[in-house]
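Open the model in your viewer and keep the selection tool at hand. The stops below say what to select and what is there.

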Amino acid sequence: MAKVIVVTSGKGGVGKTTTSANFATGLALNGHRTAVLDFDVGLRNLDLIMGCERRVVYDFVNVINHEATLKQALIKDKQCPNLFVLPASQTRDKDALHVEGVERVIEELKKDFDYIVCDSPAGIEKGAMMAMYFADEALIVTNPEISSVRDSDRILGILAAKSKRAEMGIEPVKEHLLITRYSPKRAETGEMLSVSDIREILNIPLIGVVPESEAILQASNSGIPAIHHQDSDVAQAYSDIVKRFLGEEVPLRFVNRQKGGFLKRLFGGA
Amino acid sequence: MSITKTTAASPAAFEIKGSSFTLLVLCLKSSQLPELEKQLQAHLAKTPDYFNFDPIVIDLCNINQNDVKLDFKLLINLLKQHKLAPIGICNGNQNQVLAAQQHGLGIFADIAGLTKPKEQNKRSIHSPSKKESQDTSEPATPGSKENFRPQTKVITQPIRTGQQIYAQDCDLIVLAPVNAGAEIISDGNIHVYAPLRGRALAGVKGNTSARIFCLKMEAELVSIAGCYRVIEEKLPENIQGEGVQISLDGERLVFEPLLSNSTDNKRTVNWQK
């Protein structure tokens, strides 16, 4: 049975789209047929980060309005044959999404895919609600700062009350905490919230920590998700997250300050 | 210029504040006032002082069809005769709203199904003070005691930013964290067997003996029977982040460690206005 995973946060700019791209790519690299959907209608970004913006002909809203078939709109990823992107529309607003339309698209995708990753827009308005409504699991992307944690808390509350699973009264959406842009050094000095602070407040299981890294920016700009550059710490962090999601036990990395020797500091790890 | 000066010099003559009250609701099932009068009289015959000019809201949800005529003047007089002070209506139709306003009644926001009666109860009154008087005198209506059966609301999931939980007419027990920005409200006591980081309001209908208990005190605001304290700065060491119980002593909120063995150990934080 196909699983629907929403990547959400409440707050903007914390790394939802980056996480969606890397997580979906990671699932595909592990051999699962994966579709990643951009719910940020009007401000689409996922296609840029996935490097397929030039190939966008039809989009999510076209499919919802029966102007195109799902097959026409899905864009096959260049790197992974198992990965498909359903881009958002740039010319519509978020009201173009509605429950019946989104449900039809997701049900159709479920027949053909193992995992459907929904990239939520920021905020708690319609686009975000639609992205989370059909979710079976949720990745809550959080930065180590108080406003992001607060917004994640809010989103968790909404997820527990307003998702389809909540409305039907069946098993709740499985929640995973994913901390991005983490700097162990700054957490140590108290500039940032630490992993344990965030876990204590949000009170949901941690699936992984992605360190703050320049590799992300480079990857975004080149349109190739960072997870493809396996020598970078970000790629390793996302690979670990995908493995944990798939049930493998992987020790937590990138949460403690690297204290490597002089040579390592001189030549650097990654 | 001189006007502003005088107003600045003289003390403010008034202040407008927001507040919340518990009100009785009279749910009318018929617009036939003589019949209402008959039943009210029969009902209150044994306890003529049952009401003491209690403010009451008239719920028109059962009689807000367009063709129903209601004489507000008569209705208001009738209620006043029975020591009730009608202050407003809810769930009325457009004409009823206009008529009520003309007779000096306020219009409350329509509340769906608040007093949709299931039983044959004439009155839908949920008020702790009335409950006590009912226990001592004769029960007003058979079966009405059912409505007051004390229950405890138990919450096992974290209460998160933006969420609000209200335990009406009962205690509230929370077994998961109450996060900053969340609000828990109870007519009775509040127990939080986890960190309390949000707002906790106990005894909101005026129960001054209500208490708040929590295992880790990090609340933003606590209130008992309307007496509240905003906690902006850290509380004393033995209170902040510790197991604490909060009670009301007169107009003071008293914070005590839960695990204090002796009274010497009992250092309290007083609430100052």
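Select A:Asp112 and A:Arg33, which form a salt bridge, the closest N and O atoms being 3.2 Å apart; the term stands for a side-chain nitrogen of Lys or Arg within 4 Å of a carboxyl oxygen of Asp or Glu. A:Asp112 lies in helix H5 (residues 99-112) of chain A and A:Arg33 in the loop between helix H1 (16-29) and strand E2 (34-38) of chain A, so the pair ties together parts that are 79 residues apart in sequence. Helices (H or I, at least four residues) and strands (E, at least two) are DSSP runs, numbered from the N terminus. Over all chains, the salt-bridge rule gives a count of 23.

Before moving on, note that this is a predicted model, in which local features need pLDDT of at least 70 and side-chain atom pairs count only at pLDDT 80 or more, while totals for chains, interfaces and linings use all residues. Residues are numbered from 1 along each chain as its sequence is written, chains are lettered from A and ligands numbered from 1 in the order in which they are written, and side-chain values use heavy atoms, with hydrogens and water left out.

Next, show both chains: twelve residues of chain B are in contact with ten residues of chain A, contact meaning heavy atoms within 4.5 Å. How much area do chain B and chain A bury between them? The value is about 900 Å², with 38% of it on carbon and sulfur atoms; buried area is the accessible area (1.4 Å probe) that two parts lose on being put together, summed over both. Select B:Arg160, B:Thr161 and B:Arg197, which supply 56% of the area that chain B buries against chain A, more than any other three residues.

Finally, within chain B, select helix H2 (residues 33-44) and helix H3 (residues 72-81), whose axes come within 11 Å and cross at roughly 5 degrees. Axes are lines fitted to C-alpha atoms, for helices over the stretch in contact, and angles run from 0 to 180 degrees between N-to-C directions. That makes H2(B) roughly parallel to H3(B), the word used for angles under 35 degrees.

Key. Angles under 35 degrees count as roughly parallel, over 145 as roughly antiparallel, 65 to 115 as roughly perpendicular and the rest as oblique.
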